[in-house]
Amino acid sequence: MVIDIEDNSGFCFGVVNAITKAESELAKGELYCVGDIVHNDSEVSRLADMGLKTISVSDMANMSGKRVLFRAHGEPPTSYALANSRGLEIIDASCPVVLNLQRAIKEAYAEIKDLGGIVVIYGKPGHAEVIGLVGQTDGNALVVDKLDDLKYVDFNVPIRLFSQTTQSLEGFKELTAKMKELGGDNVKVYDTICRKVANRIPQVSKFAAEHDVLFFVSGEKSSNGKQLYEVCKGVNPRSYFVQGADDIELSQFEGAEKIGISGANSTPRRLMDEIKMKIEKWQK
């Protein structure tokens with residue numbers, strides 16, 4: 001039996017940067033993180049054991065003189081203002097790609113707001129990154145995640161279309177085509193999808209097709225993980241969504257000669273290694 005771990009799976013740069021900063025700052029003393037540092041319970045627990053305390057934005061209102069880490073997803077301007085008003089030291093681990101997107105949205109909104117224009121964001125409503133993006137427009141951006149949502153868009157005014165960095169490139173292209181059809185030159189499009197994430201779809205699709213059984217490792221809160229798992233399942237019916245080695249059963253890979261292990265951009269490599277070791281133990 002051959003057991004492969006997909007080379008492209010695991011933490012993206014933004015997550016690696018946030019976790020590295022957290023570990024470095026924890027060595028200096030007490031540290032709080034606004035929201036789960038990554039959408040993976042195992043990694044959140046590991047860092048909690050090192051002393052990282054997870055809080056909400058509203059918790060900052062009752063704190064002072066503490067150090068708070070802003071995770072890779074980014075935060076809206078209101079979070080920075082609240083932290084500063086309470087004398088909190090901000091450790092900013094926002095992904096550079098997300099920060100660039102925030103700046104672009106802020107500039108676009110400043111350009112069109114006096115013209116009655118709107119910023120439209122292709123993304124998941126309520127997602128941490130999207131909250132930070134909407135915050136760049138004083139809360140006035142319109143978030144859409146499916147074509148049906150376009151019924152809420154006024155196509156008679158200037159429109160600037162952006163995307164959450166982790167959205168599907170195919171979905172964004174479909175949305176763009178429909179908005180151009182409805183709004184014509186009023187619609188200006190900015191492709192802001194992170195290619196590290198977008199490229200994972202063809203990569204994981206190919207990997208799943210090359211194996212008899214595919215174990216996809218992800219936290220249940222990861223939208224990226226759910227999206228990539230559905231890609232795997234569409235290519236290989238013997239694909240399983242698992243959070244760690246405890247979810248693996250012998251019956252899942254009965255008769256398989258090639259087993260693949262992949263994971264979301266928020267999945268630590270160690271979880272995939274643990275699954276491989278468990279299967280190898282069962283082989284002996």
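This is a predicted model: local features need pLDDT of at least 70, side-chain atom pairs count only at pLDDT 80 or more; totals for chains, interfaces and linings use all residues.
**Salt bridges.** I searched the whole structure and got 17 salt bridges. I started with E43, whose side chain meets that of R46 at 2.7 Å, N to O. Both residues sit in helix α2 (residues 41-49), three residues apart, about one turn of the helix. Then I looked at R270, and its side chain also forms a salt bridge with E43, at 2.9 Å, N to O. That pair links distant parts of the chain, with R270 in helix α10 (residues 269-283) and E43 in helix α2, 227 residues apart. Shared partners join E23, E43, R46 and R270 into one salt-bridge network.

E43 counts as buried because its relative accessibility is 2%, under the 20% cut-off. R46 is partly exposed at 27%, and R270 is partly exposed at 28%.

I also looked up K28 and E25, which pair at 3.2 Å, N to O. K28 is exposed at 60% relative accessibility, whereas E25 is buried at 12%.

**T165.** I found T165 in the loop between β8 (159-163) and α6 (169-183). At 5% relative accessibility, T165 is buried. Its side chain makes a polar contact with the side chain of E129 at 2.8 Å. Leaving aside neighbours within four places in sequence, T165 touches residues including V97, L101, E129, I193 and V197.

**α8 and α9.** I had helix α8 (residues 200-209) packing on helix α9 (residues 223-235) at about 40°, axes 9 Å apart. The crossing is right-handed. Contact residues include I201 and V204 of α8 and L228 and V231 of α9. By class, I noted eight nonpolar, two polar and one charged residues in this contact.

Technical notes
Residues are numbered from 1 along each chain as its sequence is written. Side-chain values use heavy atoms; hydrogens and water are left out. Axes are lines fitted to C-alpha atoms, for helices over the stretch in contact, and angles run from 0 to 180 degrees between N-to-C directions. Helices (H or I, at least four residues) and strands (E, at least two) are DSSP runs, numbered from the N terminus. A crossing is left-handed if the near helix is turned anticlockwise from the far one by less than a right angle, and right-handed if clockwise. Contact means heavy atoms within 4.5 Å. Ala, Val, Leu, Ile, Met, Phe, Trp, Tyr, Cys and Pro count as nonpolar, Asp, Glu, Lys and Arg as charged, and the others, Gly among them, as polar. Buried means under 20% relative accessible area, exposed over 50%, partly exposed in between (1.4 Å probe, protein chains only). A polar contact is a pair of N or O atoms within 3.5 Å; within protein, one must be able to donate a hydrogen and the other to accept it, and residues adjacent in sequence count only if both atoms are side-chain atoms. A salt bridge is a side-chain nitrogen of Lys or Arg within 4 Å of a carboxyl oxygen of Asp or Glu.
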